[in-house]
2 protein chains.
Amino acid sequence: MVSKLSDVAELAGVSVTTVSRVINSYGSLSQKTIDKVHAAMRELHYQPNAMARSLQGKSSQFIGLIFPDIQNPFFTSLANEIEQILFDKGYKSIIATSANNVEKEKQYLEMLAANQVEGIITSSHNLDIDAYSNTYLPIVSYDRFISDTVPIVREDNYRGGQLIGEYLLKNGAKNILMLSGDSSSQSPTTKRYEGFTAALGDKVSLSIQEFNSNSWPTTSEIDVIVNDVIQQNIDGIYAYNDIMAIQLQNALRKAGKRIPEDIRIVGYDGSPIVQLLHPDLPTVVQPIRQAAQRLIDVLFAEINNQDPVVNDVLPITFYNPK
Amino acid sequence: MVSKLSDVAELAGVSVTTVSRVINSYGSLSQKTIDKVHAAMRELHYQPNAMARSLQGKSSQFIGLIFPDIQNPFFTSLANEIEQILFDKGYKSIIATSANNVEKEKQYLEMLAANQVEGIITSSHNLDIDAYSNTYLPIVSYDRFISDTVPIVREDNYRGGQLIGEYLLKNGAKNILMLSGDSSSQSPTTKRYEGFTAALGDKVSLSIQEFNSNSWPTTSEIDVIVNDVIQQNIDGIYAYNDIMAIQLQNALRKAGKRIPEDIRIVGYDGSPIVQLLHPDLPTVVQPIRQAAQRLIDVLFAEINNQDPVVNDVLPITFYNPK
């Protein structure tokens, strides 16, 4: 049985108007009231959005996409696939780039609360937004931990890391550098590190550097890495995405290194445009079309008050140029 | 003086409701009625959108972006810039990829007529849509002729073509291939051809091939070009965009040609990501940030019933790798 607004109000011991205000973050409310209403909503598995839509009489047919940077070809491609699948369902896509812009991301969440969009698909890196944990609205995340209440569609990050490790070992790398783009211990992407180190075992030397994957590395950051790579005789690099891998490939060739003969560099993502323009780059290919479809399936399950299924991981493949 | 709905109705000799139906393409109407209303709107320079918004009491704060393919880095970057400038104005961007999909484009135009979006920024290649010429709604185009009623923000296409011609001549090319992506005689991009041939004069041999720039060339299309280039001893290529240029560069290197020593290949667009990943590609750099700002200025002039200013061309630059 689907719970009603009045059930929540009764259990929380407040008026229906108060519940509505909590849901829409409207008016001044005490933290105690907010907590009581949230507790009642949790207990009753109450889904406010369906109510809001049915009150409104019709749905907005808009879905918000929040990605850190659509100029990163992986997110361009994911946004492109999502836009096309949504269009075929009669939905339009509203796009937001959120890199380092917490305020912007909050505004898009407010659109959701105000029923201007029916749901949000995100892969934001702004992980510290409290707003998410207080929301019961239809949101789905790709490969990022957002909050306990937001389901995650994930690719097989562990296997991705493992395949990179196996590739570097098989090609004789002994002195390996991992450039890591994500230090959050709760996001699925950290599994890449686990798979990678498991594959390497203690057969090789491994050093790790962390980067802010919200922005592209500057020329001087690349110069510092190139210098380190040459000084330390690095012969295998796991770059955190294809863009980073190609930048390093260019810079190391300019510094006189032969790629791949002297140094193996592996990327991550495998977007169609990078595959088209850089057929010489070994990389982990994410299942972008499949990810788009699954994100939409999970989001619409939430919108329709069904249980979203997100227990599995989407399979990745390793692209090894011949 | 700004015309009112009733002025149009009076001049056309129909009711206010009929005018409203014509504007919103709603209900069954004879072609004769439609024509009469359009004639009256033209005569009075009537702008329906402002009226519709004032009736509605508030604006939607949504702008539609219609681009052929956001996976093309030029359009990715343009969409990204537009999204950020619009966000700072309190507007959200609805994105549509329209390549070869006339139906989709029509649906987005209908959103505009129905006031779900306040304006549309387009660079669509679907030039045969009648719907545009019957509309008086706020639309602006980037570098494409859409209809007589849609203003065009354009870059200096003539100068772009000219600089490519000068570069190829200066580097000793004598047997040149131009790969052209646009055969429409009404779009500003055809000026590239004029500038290019003017720069070349009759000093060299020039052959031209046309492509559908709505989709990326297939591997077999690239193979055919590579074969022609080798058979005909081509030593200079003007590719219609950077993607095509990089694909040819890769394929010709694989076929044993030295680039740029044996064959000079020049691209067009110069998006930030291509500049980052392919610093060795000579190309015409379009002023993407400036184009985004101008498109928005022109669109908001239309929305606010001011005269949009689009007489000038935005300056391009030539990137010559050292």
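**Close-ups of a predicted two-chain model**

**View 1. The buried side of helix H8 in chain A.** In this predicted model, helix H8 of chain A runs over residues 191-200, and its buried residues are Arg192(A), Gly195(A), Phe196(A), Ala199(A) and Leu200(A). Look down the axis of H8(A) and these buried residues fall within an arc of 130°, so they line one face of the helix. What sits over them? Among the elements covering the buried residues of H8(A) are helix H7 (157-170) and the strands E6 (175-180), E7 (205-210), E8 (236-238) and E9 of chain A. Just past the end of H8(A) comes Gly201(A), with a positive phi of about 55°.

**View 2. Two copies and their axis.**

**View 3. The largest pocket.** This pocket has a volume of about 1,200 Å³. It is lined by 39 residues, and the closest to its centre are Gln249(A), Asn250(A), Arg253(A), His278(A) and Asp280(A). Elements giving two or more residues to the lining come from both chains: H9 (219-231), H10 (242-254) and strand E9 (264-269) of chain A, plus H10 (242-254) and H11 (272-277) of chain B. H10(A) gives the largest share, six residues. By type, the lining splits into 17 nonpolar, twelve polar and ten charged residues.

Methods:
Residues are numbered from 1 along each chain as its sequence is written. Chains are lettered from A and ligands numbered from 1 in the order in which they are written. This is a predicted model: local features need pLDDT of at least 70, side-chain atom pairs count only at pLDDT 80 or more; totals for chains, interfaces and linings use all residues. Side-chain values use heavy atoms; hydrogens and water are left out. On a 1 Å grid over the protein atoms alone, a cavity is a set of points where a 1.4 Å probe fits but cannot get out, and a pocket is an open set with protein on both sides within 12 Å along at least five of seven lines; lining residues have an atom within 4 Å of a point. Grid points are joined across faces, edges and corners, and a volume is the space filled by probe spheres set on the points. Helices (H or I, at least four residues) and strands (E, at least two) are DSSP runs, numbered from the N terminus. Ala, Val, Leu, Ile, Met, Phe, Trp, Tyr, Cys and Pro count as nonpolar, Asp, Glu, Lys and Arg as charged, and the others, Gly among them, as polar. Buried means under 20% relative accessible area, exposed over 50%, partly exposed in between (1.4 Å probe, protein chains only). The arc is that of the directions from the helix axis to the C-beta atoms. Contact means heavy atoms within 4.5 Å.
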